[in-house]
Structure formats: structure tokens, C-alpha cells
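Please look over the sequence and the model before turning to the points below.

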Amino acid sequence: MDIESAYEGETILVTGGAGCVGSNLTKKLSEFNPKKIIILDDLSSAYEWNIPKSDCIEFIQGDICDDQVLKWVFKEKPDYVFHLAAHFANQNSVDKPEKDLKVNGLGILKVLEYAQLTGVKRFVYSSSGCGVYGLDSKMPFEEHDISISLHTPYQVTKLLGELYTNYYHNLYDLPIVNARFFNVFGPGEVPGKYRNVIPNFMYWAMNGQALPITGNGTETRDWTYVNDIIQGLTKMGVVEEAIGESINLGSGKDHQVIDMANKVNELCENEAGIEFKERRNWDAKNKLLSSIDKAKRILKYKPTVEFEQGLENTHDWFVENWENIQKSAEFKF
């Protein structure tokens, strides 16, 4: 199916649409001439200035756990739902486990219920490849090899979200797809206490601060540029063979943390260097690497942005949006 024509004239709901993945997804979907894109976001970890501007985009500030908000949103009868809203991520969930369960557990349950009642064409859920695989899973991580031996509430509730989507698919034939993201990075993610390492490193480097590595730097991550994630998501919304499946969206390559840090310092001309700190007790995975064979087979998914180019693009976005980022960054020196 042609992706662009599938979304043309349709109504699309993107929960968490003000975040990095959500804003980039909304921007791409707006190019497909939809009838309307509704962004639902409570701005608890995102900012209105980061939302793309278009006549077809409507922003609603609200909580996915609020039934009145959900009734208001779903009265539009969206054809597609991309559920990206989440309480993010590991350390945040360790610090606030009840809120994590409410947003990532009760929140998706409520959104699924309204999606089922209004008969959406596709429900795409942003799960976590970094979360649902454990120390007992073999690398590169394949979709069948999930774990129930997990280390943070965030990992638990991301897996719980998949169990709920599968339940609605099995009982109600709701056409769901579970997208397992791996270490997403790129333009659109504002740094903060509970955000990902790359935007935080960019922020600290641009402020002349040493970059703190928790561990020895040889740890690896499967950093995946956000545009490649968007490619996978838009295909998940329309490819029939994807219905009922959980599919990794990664780069299929891993990079050492210390190499990433050195590249960020180079881009930002930061001479403060690197400092090593004790690893966090929940951070049990030295290496992360996805298998993207299933995504290639079902979605014809193909990552196109190399890691170094992605870092350069992210730095360019930081430079262009530096004033807003400085005002919005959610931590103090």
C-alpha cells in the first residue's frame, strides 16, 4: 500500500505528540495531506514551541488518564492512533513508580478502550526495545526473546503496554502494532533530568561542562536516528502484515558510549572532556543491539541516517533552537 495515499484525508491521533518522536512523526504525517492530526500531550516533559505548525494540526493539552479529555479527543473518531505518550524513562520510573504505573499502565488501557469503541483502523504503540529484553535475552535482540526479569518499573510497564495491546487484539480484533524503539535520538528532544543521554550531553557540552559517563565508556547502545523511527512508524500504520506483531525499530548497529561522548565534545568544541561516574544500580545492560530482520521483512524498513550524521543533525537543531532549549532544559547546574 502506498503510505502517502493511506493517510490522505484521514484523522490521526498522536498521543505524546509534542515530544521528540511525536513532533517528528506529526511533521511527516502532515505531508501526507490528512484531514486532521490531533496531538494530545500534557506537556509534562515536552514544550509547545516544539510542536510543528500546520493548518491540519490541532494541539490539545491534556492527560491520557483523564476520561473527559479522551472523550473529547475520540469524538473526532480518529482513523489512526499512534500512542507515544509515556512516563519516561528508567530513572524517572525508579524515582516515581506509582506515576509510571498510572501513565504507562492505566493510560494505555484507557486509550485502547476508546480506540476499540470508536473502531480505529490501526493502533500503533511505542514500546521499548531497551526495556522488554533482559539479561537473559540473546543479542542481537529478536522479537520472540522478551524477558520477565526486568530492572526498572519503566521496563515493566512498557511490557505491560504490549500485553494490553495484544489483549485488545486477541479479544476485540483491534488492529494493533507494537513498535519496540531502540535508543532514539535526534532533533526535537529537549534535555532534562530524565531525558536521554545524547540531548543531555549536547546541552552540557554546549555549556562547557564535562560529560559524565556512568560506567567505563565501553558500554554500547543501538542509537537510532528519529527519522528512521518515523519511517518505521508510518509503515506500521498501513502495512497489513504488521497487524498483531511486535517489531524492533533500531539501527542494527551499536556504538560505544565513549565514542559518542567524544564526538559530541568535538561538535560542540567542548574542552571540558569526560568524567567517569559510578554506574546506576538499575543499569545492568552493558550492550544493546537490535535485530531488525523482522522490520526489514515485514515493513521493508531500512535505516538511512548514519550515527555520525545524526549527531551532526542533532547539534544543528540545538544551535538553531538554543534560546528555547536553555529556557526549557529541566535541570540546574
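The structure is a predicted model. Its secondary structure consists of 13 helices and 13 strands. The radius of gyration is 19 Å, close to the 20 Å that the globule rule gives for 333 residues, so the protein is as compact as a globular protein of that length.

**Overall form**
- Along the principal axes, the C-alpha atoms of the protein occupy a box of roughly 55 × 45 × 40 Å.
- Of the contacts between residues at least 6 apart in sequence, 80% link residues at least 24 apart.
- Buried residues account for 58% of the 333 residues.

**Surface and charges**
- The protein has an accessible surface of about 14,500 Å², and carbon and sulfur atoms contribute 47% of that area.
- There are 35 positive and 48 negative side chains, and the centres of these two sets are 3 Å apart.

**Nonpolar cores**
- The largest nonpolar core contains 41 residues, of which F82, L233, L249 and L299 touch the most other members.
- Helix α9, spanning residues 226-236, gives the most to this core, with five residues.
- Leaving aside residues up to four places away in sequence, L233 touches Y7, V21, L25, F82, L84, V124, A179, F181 and L249.

Technical notes. Residues numbered from 1 in each chain as written. Predicted model: local features only at pLDDT ≥ 70, side-chain atom pairs only at ≥ 80, totals over all residues. Heavy atoms only, no water. Helix = DSSP H or I, 4+ residues; strand = E, 2+ residues; numbered from the N terminus. Rg over C-alpha atoms; globule rule 2.2 N^0.38 Å. Buried < 20%, exposed > 50% of the residue type's maximum accessible area, 1.4 Å probe, protein only. Contact = heavy atoms within 4.5 Å. Areas by Shrake-Rupley, 256 points an atom, 1.4 Å probe, with all protein chains shown as cover. Lys, Arg positive; Asp, Glu negative; His and termini not counted. Charge placed at Lys NZ, Arg CZ, Asp CG, Glu CD. Core = buried A, V, L, I, M, F, W, Y, C linked by side-chain atoms within 4.5 Å.
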